[in-house]
Amino acid sequence: MKLGEKLRYLRLVEGTLRGIGREMTQQDLARALKNELGGGLSQSYLSQIESGARPHLTNASRMVLARFFKVHPGYLVDDPEGFHTELTSELRAAEDLLDLWLINGAEEFAHNPDVSRVLLALAKHHDTRKCLILLGAILETPELVERLIEVLRPDLNSQPHHRDGGKRKPRGANL
């Protein structure tokens, strides 16, 4: 959020808190600063801040506004690019990385449209993690894999099931 947007928001909240029934205008704010703090900022200075013509406050101006609105002076600056106030869980961050990995994989396998399409579909799903856990459960029952392929993608029955052209050996087959 930009400094100008924050100042407009603070004027809106302050008008509500003071029972004005509307946002404080820039002129209301300039008057209140003078009456309540013994000095302050002009309406034209406030206008320049809100319009972005003056992108930064002086330290004295920042302190006056912070004292008036009862906010931390550090609030009265532009937020950095990409800054957000929502909490991000570790699980959501991990899922975002997983989605990015799947998208990269889809690009890597662009020569195989079926695989590429599935990787993109996984990445776009709202719960990628749950999809992969489900896939893992399906893979733990090889007969289920074969039955689902027969029903959902009968066109794949004529294609090899493994990279080397044959079927995969069941786990423990070499024992």
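A salt bridge is defined here as a side-chain nitrogen of Lys or Arg within 4 Å of a carboxyl oxygen of Asp or Glu. The structure is a predicted model, in which local features need pLDDT of at least 70 and side-chain atom pairs count only at pLDDT 80 or more, while totals for chains, interfaces and linings use all residues. Residues are numbered from 1 along each chain as its sequence is written, and side-chain values use heavy atoms, with hydrogens and water left out.

By this rule, 13 salt bridges are counted. One of them joins the side chains of Arg11 and Glu50, with an N to O distance of 2.6 Å. This pair links distant parts of the chain, 39 residues apart: Arg11 belongs to helix α1 and Glu50 to helix α3 (helices being DSSP runs of H or I with at least four residues, numbered from the N terminus). Both Arg11 and Glu50 are buried, a term denoting under 20% relative accessible area, with exposed meaning over 50% and partly exposed in between (1.4 Å probe, protein chains only).

Glu50 also forms a salt bridge with Arg8, at 3.9 Å from N to O. Here, too, distant parts of the chain are linked, since Glu50 lies in α3 (residues 43-51) and Arg8 in α1, 42 residues apart. The relative accessibility of Glu50 is 9%, whereas Arg8, at 34%, is partly exposed. Arg8, Arg11, Glu23 and Glu50 are linked in a network of salt bridges.

Helix α1 (residues 3-17) also contains Glu14, which is buried at 10% relative accessibility. Beyond its neighbours within four places in sequence, Glu14 is in contact (heavy atoms within 4.5 Å) with Met24, Phe68 and Phe69.

How values were computed:
Helices (H or I, at least four residues) and strands (E, at least two) are DSSP runs, numbered from the N terminus.
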